Amino acid sequence: MAGMADLTVSLSFLLGIVVFSEVARRTVLYLFPNRNWIIYALELISTFQLCACTHELKLLAEIGGLEPRIALTLTFLISVVHGLSFRGAICNPTGALEQLYLGTLMRRCALTRISCQLIAAEAARRVMPHAWALALSDLHAQHSLTGFSCTNSPVNAPLPQAAAVELGCAFVMHTAAFNAEKVEEKYRVPAMAAVITILVYAALAFSIQFVCPGNSFAEYSFVYWIGPILGMTGSLLLSDKVIPAISGKSTIPKHSNRLETKKMK
């Protein structure tokens, strides 16, 4: 069980990751204002922030045995922080594919964003062990002794069932995002953070898994990539095809940043 000292160190790590990322974002925006490629730099930085923070939260919850109520509270708070600091970054491959479908991103821009996300996710996976190796807490020291790996597969159900769960989470998440603009602006970020907290949803799941035995990379891809992509696709079809066919009116909101996004294609 994670003690108060472990929790304090982990909270300091989370704060350090966010501060470092925010300084990097502000520096890039200050040094290179009005550059078309700036969104890709923000995508790299923000996705790194998302994945690095998720690594630490995963360590607290799964190895530190953090109480569920504290884990959910931290998930909600860090989701709010992410939502307020990402500055237009998507940080999610299915989100980029969704915007490609909606026409708010060109193909090259969407593929470049996804590439940035995967690079940043891999960077976070490589950087965090070096931070844990400092052994600033008993939890980090314990994790270092295991070689930063876990002993059991995180997929604790038959693969089709596990993929179905991810599909359902993705469907709910993207459907909520479609309707976010109906919520008063000041409540949008907390509302989406609440949805994320409930689902404990992670689109870049390949980055947040420690090296675990029991399943192959292809099986993890089936659960954590194919499931969310199918869920996103189902949400798009429901909102863009099924409901309009029944009601005669599309439920997909017009994105306020459409013109801004097109400038960056």
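Residues are termed buried under 20% relative accessible area, exposed over 50%, and partly exposed in between (1.4 Å probe, protein chains only). The structure is a predicted model, in which local features need pLDDT of at least 70 and side-chain atom pairs count only at pLDDT 80 or more, whereas totals for chains, interfaces and linings use all residues. Residues are numbered from 1 along each chain as its sequence is written, and side-chain values use heavy atoms, with hydrogens and water left out.

The protein chain contains 11 helices and zero strands, where helices (H or I, at least four residues) and strands (E, at least two) are DSSP runs numbered from the N terminus. Of the 265 residues in the chain, 45% are buried. With contact defined as heavy atoms within 4.5 Å, 79% of the contacts between residues at least 6 apart in sequence join residues at least 24 apart. The accessible surface of the chain comes to about 13800 Å², and 67% of this area belongs to carbon and sulfur atoms. Accessible areas come from the Shrake-Rupley method with a 1.4 Å probe, and for residues only the protein chains shown count as cover.

Just after α2, glycine 65 takes a positive phi of about 65 degrees.

Positive phi values were also found at residues other than glycine. Most residues other than glycine have a negative phi. Asparagine 34, in the loop between α1 (4–31) and α2 (38–63), has a phi near 60 degrees and is exposed, at 79% relative accessibility. Cysteine 91, in the loop between α3 (68–85) and α4 (93–102), has a positive phi of about 60 degrees but is buried, at 3% relative accessibility.

Six salt bridges were found in a search of the whole structure, a salt bridge being a side-chain nitrogen of Lys or Arg within 4 Å of a carboxyl oxygen of Asp or Glu. Glu22, Arg25, Arg26 and Arg87 are linked in a network of such bridges. Within helix α1, arginine 25 and glutamate 22 lie three residues apart, about one turn of the helix; their closest N and O atoms are 3.0 Å apart, and both residues are buried. Glutamate 22 also forms a salt bridge with arginine 26, at 2.9 Å between the closest N and O atoms. These two residues are separated by about one helical turn, because they are four residues apart in α1. The relative accessible area of glutamate 22 is 16%, whereas arginine 26 is exposed at 52%.

A further salt bridge joins the side chains of arginine 126 and glutamate 122 (2.8 Å, N to O). The two residues are four apart in helix α5 (residues 107–132), so about one helical turn separates them. Arginine 126 is exposed, at 58% relative accessibility, and glutamate 122 is partly exposed, at 23%.

Tyr30, Leu31, Phe32 and Trp37 make a nonpolar surface patch of about 460 Å². Patches are made of residues with over 30% relative accessible area and no salt bridge, like charges being joined within 9 Å and nonpolar side chains (Val, Leu, Ile, Met, Phe, Trp, Tyr) within 5 Å. Tyrosine 30 lies in helix α1 and is exposed, with a relative accessible area of 69%.
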